[in-house]
Amino acid sequence: SDYTQKTQSVAEQRKSLELQAAALTQQQELQQQHFEDVAQIKALDQQLEQYNALNWPELYQTDVGQAASLDHQKRELESHRQQTVNRLNQNQAQALESQRAEHARVVEEGQKVLSKEIDNWTPELAQTIAAYGVSQGLNEQAVASIVDPVHVKLIDKAMKYDELVAKQKAAAPKAEPPKSAVKVKGKRAAATKDPDKMSTEEWLKMRNSQVEKRRRA
């Protein structure tokens, strides 16, 4: 099964390359014909300018035969020029149609690749990826003209990475503010009063307390 799949993939790639080569050859031929037709039209215009510069009324008066012959040559040049212009326009229309067909084929092949390599590929997902690319600074027209699936996959990977990072940040526990140290309140030791400054009652109370502590000890 794997061999068959790879064989089919190679065959599809070969066919795609052949179509691209044929389209390129046709484009080159049309381009060459375009250059030749443009050059020929310019040459015919130069010749027609010479005929248009003639004094036709005087020529017909002096030599009717010569005037008729020149007029016939001028008409042939005009006819030749018109045929060349028609061929040029036809080739331009054909080249434009060929470009459109090639672009449509490339887009279709790219969509097939993306449907295989990007999960749940849909036109809506394509719009989401394009919008992400624009949000990251890419030119909107440039994004809209992307046909290479490799570029689309790169933008998709970047979008998924940003989504993953955002989810991880949202799921991470928030750090609690540090708690202030609890101060333990203890009994303050009673300040010892100078016996010389005690009254007789205070001194007796202190003395009795000392005796009681010794007795208990």
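Begin by selecting helix 1 (2-52) and helix 3, each of which supplies at least two residues of the lining of the largest pocket; helices here are DSSP runs of H or I, at least four residues, numbered from the N terminus. A pocket is an open set of points on a 1 Å grid over the protein atoms alone, where a 1.4 Å probe fits and protein lies on both sides within 12 Å along at least five of seven lines, and lining residues have an atom within 4 Å of a point. The model is predicted, so local features need pLDDT of at least 70 and side-chain atom pairs count only at pLDDT 80 or more, while totals for chains, interfaces and linings use all residues. Residues are numbered from 1 along each chain as its sequence is written, and side-chain values use heavy atoms, without hydrogens and water.

Now show the lining, 22 residues, of which Glu12, Gln13, Glu109, Val113 and Lys116 lie nearest the pocket's centre. Helix 1 gives the largest share, 10 residues.

Next, select Gly110, Val113, Leu114 and Glu117 in helix 3, which meet Pro149, Val152 and Lys153 in helix 6, contact meaning heavy atoms within 4.5 Å. Seen together, helix 3 passes helix 6 in a right-handed crossing, the near helix being turned clockwise from the far one by less than a right angle.

Finally, go to helix 2 (residues 56-62), where tryptophan 56 and tyrosine 60 lie 4 residues apart, about one turn of the helix. Their ring centres are 6.4 Å apart and their planes at 40°, so the pair is tilted (centres within 6.5 Å, with the six-membered ring used for Trp; under 30 degrees is stacked, over 60 edge-to-face, the rest tilted).
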